[in-house]
Amino acid sequence: MSDAVKALVTATFRGRMNVRLADGSEVSARVKGRRLRPVCGDEITVEPLRNEREWLITAVLPRRNRLARPNMRGETEILAANLTLLIAVAADPPRPDWFIVDRYLCAAEIMAIRSAVVYNKVDLVRDVDALQEILEEYRQIGYPTIESSAQTGTNLAAIATLLKGETGIFVGQSGVGKSSIINRLTNDSSQRVAEVSSASGEGRHTTVNSSMLSLPGGGAVIDSPGVRDYAPAIDSIEKVVTGFKEISLVGQYCRFANCRHLREPHCAVKEAVESREISARRYESYKRLYRLTDDLVQTRRA
Ligand SMILES: Nc1nc2c(ncn2[C@@H]2O[C@H](COP(=O)(O)OP(=O)(O)O)[C@@H](O)[C@H]2O)c(=O)[nH]1
Ligand SMILES: [Mg+2]
Ligand SMILES: [Zn+2]
């Protein structure tokens with residue numbers, strides 16, 4: 001007979017996890033065997049271990065979705081599972097890389113979850129017009145955009161409203177202020193990070209792959225630390241086409257049903273780019289991601 005109960009993974013470390021039990025308490029757990037690879041946001045079953053403070057993770061329940069990206073060794077690494085909202089964060093500094101934002105938004109479309117763009121460090125903006133032009137492109141497509149400052153507190157309440165009732169993840173280049181925003185949204189986060197470290201018996205500088213924090217106003221948010229600027233892995237070119245919302249919408253009117261919107265004649269997408277109905281910058285992101293994904297697929301086949 002088993003004492004297994006359901007729980008939620010709230011933080012992952014090397015070989016260890018923090019999991020939240022049904023009563024809301026958080027405990028430290030380790031994985032049974034090598035095949036199980038739970039990630040933040042996973043629903044799992046755990047069993048208490050006799051004479052130990054740790055629990056044992058015995059199964060990962062089926063995932064509704066997962067966000068994956070390549071890691072430093074080029075392997076696909078799942079960042080988090082069972083998300084309902086993705087927030088792509090950009091700022092200056094670091095020099096904004098909107099292609100990374102577009103790749104994450106594409107991944108969110110493929111996962112069929114909502115997404116939004118947060119432009120942080122708005123307190124440092126010099127060229128307001130150039131920024132508005134880019135944000136307007138995202139608004140036109142239908143993405144909510146928020147200009148925030150973790151420093152001054154500008155529009156942090158709007159971010160909290162967006163996250164209400166959701167399981168959200170913050171993604172984007174390192175240094176844009178993801179952790180700073182989350183710290184301000186969850187007033188007690190520094191305490192929680194300390195607790196996590198002592199419960200796992202490891203030092204303060206333990207690398208946390210990702211961690212989920214509950215928000216005072218409801219909802220939860222996952223921070224995704226990383227030293228390098230990873231972008232999500234997309235495994236088929238068909239997915240790239242559907243991942244750019246405005247492109248797949250207009251693409252219905254192309255002459256060829258399987259139009260890739262690259263060099264085909266009578267391509268409604270290219271026409272829409274020429275008439276500026278579709279942003280040339282987004283179209284460049286689309287083509288770049290298409291080529292990248294195509295290369296990836298070819299390499300895998302070889
Ligand atoms: N001026 C300004 N600095 C910020 C803001 N948000 C974060 N920072 C700073 O940007 C740096 C990187 O922030 P961090 O939260 O670690 O970024 P992350 O890598 O995305 O988690 C830190 O030095 C923060 O103090 C902001 O809104 N305005
Ligand atoms: Mg961070
Ligand atoms: Zn086309």
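Arg 139 is partly exposed, with a relative accessible area of 31%, where partly exposed denotes a value between buried (under 20%) and exposed (over 50%), computed with a 1.4 Å probe and the protein chains only. The side chain of Arg 139 meets that of Glu 147 in a salt bridge, with N and O 3.6 Å apart; a salt bridge is here a side-chain nitrogen of Lys or Arg within 4 Å of a carboxyl oxygen of Asp or Glu.

The structure is a predicted model, in which local features need pLDDT of at least 70 and side-chain atom pairs count only at pLDDT 80 or more, whereas totals for chains, interfaces and linings use all residues. Residues are numbered from 1 along each chain as its sequence is written, chains are lettered from A and ligands numbered from 1 in the order in which they are written, and side-chain values use heavy atoms, with hydrogens and water left out.

Across the whole structure, a search finds 17 salt bridges. One of these joins Lys 245 to Glu 109, with the closest N and O atoms 3.8 Å apart. Because Lys 245 belongs to helix 7 (residues 245–250) and Glu 109 to helix 1 (residues 98–111), this pair ties together parts that are 136 residues apart in sequence; helices are DSSP runs (H or I, at least four residues) numbered from the N terminus. Both partners are partly exposed, Lys 245 with a relative accessible area of 31% and Glu 109 with one of 22%. A further salt bridge, at 2.8 Å from N to O, is formed by the side chains of Asp 235 and Lys 239, of which Asp 235 has a relative accessible area of 40% and Lys 239 one of 31%.

Ligand 1 is surrounded by 15 residues, the closest being Asp 123, Ala 150, Gly 175, Lys 178 and Ser 180, where a residue is counted if one of its heavy atoms lies within 4 Å of the ligand. This shell divides into three nonpolar, nine polar and three charged residues, with Gly counted among the polar ones. Oxygen atoms of the ligand take part in polar contacts, that is, pairs of N or O atoms within 3.5 Å: one lies 2.9 Å from a polar backbone atom of Ser 179, one lies 3.1 Å from an N or O atom in the side chain of Lys 121, and one lies 3.2 Å from a polar side-chain atom of Ser 149.

Notes
A polar contact is a pair of N or O atoms within 3.5 Å; within protein, one must be able to donate a hydrogen and the other to accept it, and residues adjacent in sequence count only if both atoms are side-chain atoms. Helices (H or I, at least four residues) and strands (E, at least two) are DSSP runs, numbered from the N terminus.
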